[in-house]
Amino acid sequence: MSASTEKTILSIVTIPDPRLKEKARPVGRIQKRHRQLLEAMAATMEEAEGVGLAAPQVGVLERIFIAQVQGEVREFINPEILEKSEETEDGWEGCLSVPYIHALVPRARRVRITALDRKGHRFWLDLEGFDARVVQHELDHLDGLLILDRGKKFYEVPKAARHRVVFLGTPEFSVQVLTGLYDKGLVPRLIVTAPDRKRGRGQKLTPSPVKAVAQELDIPVLTPEKLRDPQFQEAVARVRPDILLTVAYGRKLPPSLLAIPQKDALNLHASLLPRWRGAAPIARALWAGDEVTGITVMRMREKIDEGEILKQVAIPIDPEDDAGTLAEKMARVGVEALWEVLEALWDGPIPGEAQEEGRATWASPISPEETWLEWGAPADEVVRQVRALTPEPGVRTWRVDPEGERELWRVEKVEAVTGEGEPGTLLSAEGEIRVACGKGAVRLLRFRPQGRRSMDAEEFLRGHRLKPGTRFLSP
Ligand code: ZN
């Protein structure tokens with residue numbers, strides 16, 4: 001690229017610079033330097049992702065502004081508003097010279113504006129709504145007025161929400177964290193998630209839960225097959241992220257991707273690291289019978305889950321918790337923990353603490369074989385298996401009646417009770433469904449017979465009878 005095609009980016013004057021409070025003087029003869037100024041202002045506005053920019057905002061006290069109106073960037077020299085509707089409208093405005101402040105500003109709904117273009121030709125525009133608002137805002141700059149002078153109400157963007165964040169995540173847990181951060185004011189610049197997959201019986205191509213929400217929130221989303229793909233990495237670099245934030249994205253990030261963010265690469269992990277590193281920390285903690293688990297905000301390294309710890313919060317496991325309720329608690333606590341870390345990172349780099357390698361345990365992914373209910377295990381363990389794998393991926397078993405007919409059941413809630421018998425034997429079907437385990441028995445409280453909806457035992461028994469001699473079997 002030759003130097004002549006490179007765009008000049010000007011530095012934007014911000015409060016409390018006194019130039020923002022001065023009245024700009026009219027342009028006399030439009031000269032080459034004005035045209036150069038307009039080019040540079042356009043490049044500066046584009047880079048700053050603004051919709052308007054006035055010359056005083058780049059330190060030039062002349063009556064010139066540019067604004068995106070009627071779908072294009074227009075140039076206004078010596079602008080004047082000729083007519084204003086009496087009807088006004090309140091709207092939230094930001095300003096490149098007043099960073100991180102939004103103001104609720106009343107503006108005329110419609111204006112007629114006139115100005116000169118860069119050739120000195122006069123033009124007139126009738127603008128309304130947002131377009132009318134933008135030119136009123138820019139014209140204010142030429143008179144030394146800011147949204148701080150006009151606003152009725154103000155909102156300051158919290159520090160945590162000021163970072164340019166690229167969010168990487170895939171399942172429902174990521175959605176809960178993403179929407180939790182969004183509700184507090186953090187809007188990621190870009191979301192990265194797993195590609196659409198064939199799901200369900202219809203084998204229809206279905207977006208990941210995170211992709212679905214990204215589209216609802218109108219945030220750009222990428223679904224790369226390969227993270228090393230240079231086109232993908234360029235797209236990430238283009239948003240100039242301060243922070244990469246992964247929450248259950250499910251894949252290792254290559255060093256070339258980890259090197260992109262200006263400030264840090266963070267991961268929210270659903271355990272108290274170094275316990276339960278790996279893909280299934282919530283399920284493994286429940287299945288192991290842990291009484292306490294928690295969340296860890298860590299610095300991402302190439303080796304998954306081994307980075308320095310920035311913050312940890314313990315969460316007690318309630319005996320009633322399953323993977324669904326525990327994940328919800330973790331997402332809530334995780335959002336607050338991430339928020340604290342992001343707030344701190346706005347003021348500068350923060351130190352982390354190395355993990356104690358000696359205490360590390362591995363939460364391997366749940367294999368398909370593990371989703372069969374283990375009738376041979378003690379009742380307490382069966383209860384933990386069901387809690388660990390519910391709602392996803394679920395626990396299955398066959399109901400086999402005495403004639404040998406089989407039906408697949410998804411077991412969603414059980415409790416340990418007394419009882420004795422060959423594992424999988426139906427011990428009672430009167431007002432309850434009690435089945436023998438390796439040690440003790442369990443009562444089936446909620447389940448979903450194949451092709452039907454989830455129901456509790458009481459509801460099922462109102463419509464069905466389980467014959468004596470029925471057994472529950474897992475292969
Ligand atoms: Zn402004």
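How do the residues of the lining of the largest pocket divide into nonpolar, polar and charged? There are 26 nonpolar, 8 polar and 9 charged residues, where Ala, Val, Leu, Ile, Met, Phe, Trp, Tyr, Cys and Pro count as nonpolar, Asp, Glu, Lys and Arg as charged, and the others, Gly among them, as polar. The structure is a predicted model, in which local features need pLDDT of at least 70, side-chain atom pairs count only at pLDDT 80 or more, and totals for chains, interfaces and linings use all residues. Residues are numbered from 1 along each chain as its sequence is written, and side-chain values use heavy atoms, with hydrogens and water left out.

A pocket is an open set of points, on a 1 Å grid over the protein atoms alone, where a 1.4 Å probe fits, with protein on both sides within 12 Å along at least five of seven lines; its lining residues have an atom within 4 Å of a point. The largest pocket lies between domain 2 (160-363) and domain 3 (368-473), because both give residues to its lining; domain bounds come from an automatic or database domain assignment.

The second largest pocket, with a volume of about 1400 Å³, is lined by 39 residues, of which Ala 48, Glu 49, Leu 96, Tyr 100 and Arg 189 are closest to its centre. Helix α2 gives the most to this lining, with 6 residues. Domain 1 (18-156) and domain 2 (160-363) both contribute to the lining, so the second largest pocket lies between them.

An open sheet is formed by 5 strands in the order β1-β2-β3-β6-β7, with antiparallel pairing; two strands pair if DSSP finds at least two bridges between them. Its edge strands are β1 (52-54) and β7 (122-128). Strands β1 and β2 (residues 64-69) are joined by 3 bridges, and Ala 54 has Phe 65 in β2 as its bridge partner.

Terms used:
Grid points are joined across faces, edges and corners, and a volume is the space filled by probe spheres set on the points. Helices (H or I, at least four residues) and strands (E, at least two) are DSSP runs, numbered from the N terminus.
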